[in-house]
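Please open the model in a viewer and keep the sequence at hand.

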Amino acid sequence: MKKLIVLIAIVTSISFAKAQSDLYTVTSGELIFGWADVEQNIGGQNQSVRGNMRFTLFFHLGQYVHYDFSNNFGLYSGGAIRNVGFITEDTDLDLEKEKHRSYSLGIPLAVKFGAFDKHFYFFGGAEYELMFHYKYKWWEGGTKYKTSEWFSDRTNLFMPSVFAGVQFPKGLNVKFRYYLDDFLNSNYKKGNDPRNDYSRYKKTQMFHVSVCWQFRTKEIWKVFEEDGWQAFNAR
């Protein structure tokens with residue numbers, strides 16, 4: 001897998017150098033509908049924990065570099081910040097609800113194929129995300145508590161994932177992402193508080209569906225140019 005990624009990167013770099021006219025940047029945001037497959041050790045047995053859908057719209061921002069080999073095949077990479085996590089109802093600890101989330105910085109590598117002139121294509125690839133700001137919320141006795149940490153030991157620092165989706169005209173796409181590793185670090189334990197003993201988690205694999213918007217960056221900047229801003233205000 002690593003050799004394949006290196007080969008793709010080399011081919012992409014050579015192609016970029018040969019044909020800069022097919023290189024362009026895209027700015028993107030997304031709405032995330034997330035879930036997780038969570039298992040805990042309850043009474044000496046691994047049991048699935050009931051979870052709820054987690055919806056987030058802030059803060060998600062991506063900046064990608066696309067290269068089109070032709071009108072039908074291309075690659076893209078770049079960087080994205082997103083807010084990911086999951087919600088569970090943890091009856092084993094007598095908690096009404098728990099929320100685990102982290103902001104992440106991801107670098108994807110994806111292929112795409114379709115009709116680029118019509119802005120309709122399919123895409124898929126892999127991504128590595130750095131979990132850089134973790135927040136934990138829990139509800140107990142009707143009261144909400146929370147704590148947060150930068151580069152926390154409570155989560156795995158790097159998270160690999162695979163994704164696939166379809167891009168529609170007018171800038172919208174739908175994407176499915178599945179994380180290949182557990183979100184929480186099951187080796188984490190601090191003090192005697194059972195909430196801070198993550199060895200109780202045997203599985204915390206996240207997945208989500210996102211609805212994204214994306215536009216060529218140069219088209220967005222045109223709005224802030226004098227003529228573009230006047231046209232925008234005239235609508």
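**First stop: Y136 and its surroundings**

Select Y136 and E98 and display their side chains: a polar contact of 2.4 Å joins the two. The model is a predicted one, and side-chain atom pairs are counted in it only at pLDDT 80 or more. Y136 is found in strand β8. Is Y136 buried or exposed? Y136 is buried, because its relative accessible area is 0%, and the cut-off for burial is under 20%.

Next, display the residues that Y136 touches. Leaving aside those up to four places away in sequence, they are L95, E98, K99, H100, Y145, K146, T147, R154, R195, Y198 and R200. One of them, T147, lies eleven residues from Y136 along the chain, and the C-alpha atoms of the two are separated by 5.4 Å.

**Third stop: the whole chain**

Zoom out and colour by secondary structure. The chain has three helices and twelve strands. Of its 235 residues, 40% count as buried. Among contacts between residues at least 6 apart in sequence, 67% join residues at least 24 apart.

Select H60, which lies in the loop between β4 (54-56) and β5 (61-68). F59 has its place in this loop as well. Inspect the backbone here: the peptide bond from F58 to F59 is cis, with omega near 0°.

Return to H60 and show its side chain. H60 counts as buried, because its relative accessible area is 7%, and buried means under 20%. Which backbone atom of E30 does the side chain of H60 reach? The side chain of H60 reaches the backbone oxygen of E30, at 2.7 Å. The side chain of H60 also reaches the backbone nitrogen of N83, at 3.4 Å. With residues up to four places away in sequence left out, H60 touches S28, G29, E30, I32, I81, R82 and N83.

Rolling a probe the size of a water molecule over the atoms shows where empty space is left. How many cavities of 30 Å³ or more does a search of the whole structure find? The search finds three.

To locate the largest cavity, select S28, Y64, H66, Y76, Y121, F123, Q167, N173, K175, C212 and Q214, which line it. Two or more lining residues come from each of β5, β8, β11 (172-179) and β12 (201-216). About 80 Å³ of space lies in this largest cavity. By class, its lining has five nonpolar, five polar and one charged residues.

For the second largest cavity, select I32, G34, W35, R54, T56, N83, V84, G85, Y179, M206, F207 and H208. This lining receives at least two residues from each of β1 (23-42), β4, β6 (73-88) and β12. The space in the second largest cavity is about 60 Å³. Its lining residues divide into six nonpolar, five polar and one charged.

**Last stop: exposed loop residues**

G43 lies in the loop between β1 and β2 (45-48) and is exposed, with a relative accessible area of 79%.

Select D94, found in the loop between β6 and β7 (97-115). D94 has a positive phi of about 60° although it is not a glycine. At 61% relative accessibility, D94 counts as exposed.

Finally, go to K170, in the loop between β10 (158-167) and β11. K170 is a residue other than glycine with a positive phi, near 75°. K170 is exposed, because its relative accessible area is 76%, and exposed means over 50%.

How values were computed:
Residues are numbered from 1 along each chain as its sequence is written. This is a predicted model: local features need pLDDT of at least 70, side-chain atom pairs count only at pLDDT 80 or more; totals for chains, interfaces and linings use all residues. Side-chain values use heavy atoms; hydrogens and water are left out. Helices (H or I, at least four residues) and strands (E, at least two) are DSSP runs, numbered from the N terminus. Buried means under 20% relative accessible area, exposed over 50%, partly exposed in between (1.4 Å probe, protein chains only). A polar contact is a pair of N or O atoms within 3.5 Å; within protein, one must be able to donate a hydrogen and the other to accept it, and residues adjacent in sequence count only if both atoms are side-chain atoms. Contact means heavy atoms within 4.5 Å. On a 1 Å grid over the protein atoms alone, a cavity is a set of points where a 1.4 Å probe fits but cannot get out, and a pocket is an open set with protein on both sides within 12 Å along at least five of seven lines; lining residues have an atom within 4 Å of a point. Grid points are joined across faces, edges and corners, and a volume is the space filled by probe spheres set on the points. Ala, Val, Leu, Ile, Met, Phe, Trp, Tyr, Cys and Pro count as nonpolar, Asp, Glu, Lys and Arg as charged, and the others, Gly among them, as polar.
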